[in-house]
Amino acid sequence: MLTVIEHPLIRHKLSLLRDRGTPTKLFKELVDELAMLMAFEATRHLPLESVTIQTPLETMQAQRLAGHEPLLVPILRAGLGMVDGIRSLIPSARVGHIGLYRDHDTLQPVEYYFKVPGDLAQRDVFVLDPMLATGGSAAGAITQLKRAGALRIRFMCLVAAPEGVANLHAAHPDVPIYTAALDRELNEKGYILPGLGDAGDRLFGTK
Ligand code: PRP
Ligand code: URA
């Protein structure tokens, strides 16, 4: 399942994010805001339970999130940029980390770090990465999470290429994909067009 989250605020902020003139500080703020807005939709399925509370006037049956806290898993580096925005909505969320980079020549993901809580099967897992290009990094990260026991996984990105969506669906048909935009295509170097460039470099000012 692919969900392109359509909202005027998301469209507007994504245009600012794509603009090559947007400086690092604003870029990070926009990624936070976009991730937070998207989380509203991507968490729609979270289960609730009934709880008795006292309002200042009377007792009522209310609802609260049930079960284990959700787990956010950013794919390093660029996925880190999406964590703060989502945590401002879900402060109790746990955070795992997967370190992957794309080999520049083969475009294959190379894993260098993996740290998640042990009770993955009990948690709703949100894998975060601003860019879904060939889909190799997302598919590799999700394979590792499934091996570690994760059962309910969702993938959130800001910009997706059709190639990445197709590859991720083929590798993990059970994993819903949420994106703020579905772009046109990949170029010969595996960059998304029109895209926003190298998300990690723009977030961390490394270019
Ligand atoms: C970027 C991006 C994704 C990956 C997407 O990371 O943040 O993780 O590329 O490409 P794919 O869908 O073709 O795998 P990169 O490998 O540049 O690493 P970095 O975040 O450390 O810069
Ligand atoms: N990774 C990025 O950061 N940008 C792209 O366009 C593709 C992969």
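Which space does ligand 2 take: what kind of opening in the protein is it? The space taken by ligand 2 is the largest pocket, where a pocket is, on a 1 Å grid over the protein atoms alone, an open set of points at which a 1.4 Å probe fits, with protein on both sides within 12 Å along at least five of seven lines. A molecule counts as sitting in such a pocket if more than half of its atoms lie within 2 Å of the grid points. The space taken by ligand 1 is likewise described as the largest pocket.

This is a predicted model, in which local features need pLDDT of at least 70 and side-chain atom pairs count only at pLDDT 80 or more, while totals for chains, interfaces and linings use all residues. Residues are numbered from 1 along each chain as its sequence is written, chains are lettered from A and ligands numbered from 1 in the order in which they are written, and side-chain values use heavy atoms, with hydrogens and water left out.

## The surroundings of ligand 1

Ligand 1 is surrounded by 13 residues, and the closest of these are Arg102, Asp129, Thr134, Gly135 and Ser137; a residue is taken as near a molecule if one of its heavy atoms lies within 4 Å of it. Sorted by class, this shell holds six nonpolar, four polar and three charged residues, with Ala, Val, Leu, Ile, Met, Phe, Trp, Tyr, Cys and Pro counted as nonpolar, Asp, Glu, Lys and Arg as charged, and the others, Gly among them, as polar. At least two residues of the shell come from each of β6 (97–102), β9 (131–132) and α4 (136–147); helices (H or I, at least four residues) and strands (E, at least two) are DSSP runs, numbered from the N terminus.

The table lists polar contacts of the two ligands, a polar contact being a pair of N or O atoms within 3.5 Å.

| Residue and atom | Ligand atom | Distance |
|---|---|---|
| Ala78, backbone N or O | ligand 1, oxygen | 3.3 Å |
| Asp129, polar side-chain atom | ligand 1, oxygen | 2.4 Å |
| Gly135, backbone N or O | ligand 1, oxygen | 2.8 Å |
| Ile192, polar backbone atom | ligand 2, oxygen | 2.8 Å |
| Gly197, polar backbone atom | ligand 2, nitrogen | 2.8 Å |
| Ala199, backbone N or O | ligand 2, oxygen | 2.8 Å |

Taken alone, ligand 2 exposes 240 Å², of which the protein buries 88%; accessible areas come from the Shrake-Rupley method with a 1.4 Å probe.

## The surroundings of ligand 2

The residues around ligand 2 are Arg102, Met131, Ala133, Gly190, Tyr191, Ile192, Gly197, Asp198 and Ala199, and by class they divide into five nonpolar, two polar and two charged.

## Strands and hairpins

β6 and β7 (109–115) run antiparallel and are joined by six bridges, where two strands pair if DSSP finds at least two bridges between them. Within this pairing, Gly99 stands opposite Tyr113 in β7, and His97 has Lys115 in β7 as its bridge partner. The two strands form a hairpin with six residues between them, and Leu107 in the turn has a positive phi of about 65°, in a residue other than glycine.

β6 also pairs with β4, here in the parallel sense and over two bridges, and the bridge partner of Leu76 in β6 is Gly99.

Seven bridges join β2 (residues 48–54) to β3 (residues 59–65) in an antiparallel arrangement, and Leu48 stands opposite Leu65 in β3.

## Cis peptide bonds

Arg77 is found in the loop between β4 (71–76) and α3 (83–89). The peptide bond from Leu193 to Pro194 is also cis, with omega near 0°, and Pro194 is found in the loop between β13 (192–193) and α6 (199–204).

Key: A polar contact is a pair of N or O atoms within 3.5 Å; within protein, one must be able to donate a hydrogen and the other to accept it, and residues adjacent in sequence count only if both atoms are side-chain atoms. On a 1 Å grid over the protein atoms alone, a cavity is a set of points where a 1.4 Å probe fits but cannot get out, and a pocket is an open set with protein on both sides within 12 Å along at least five of seven lines; lining residues have an atom within 4 Å of a point.
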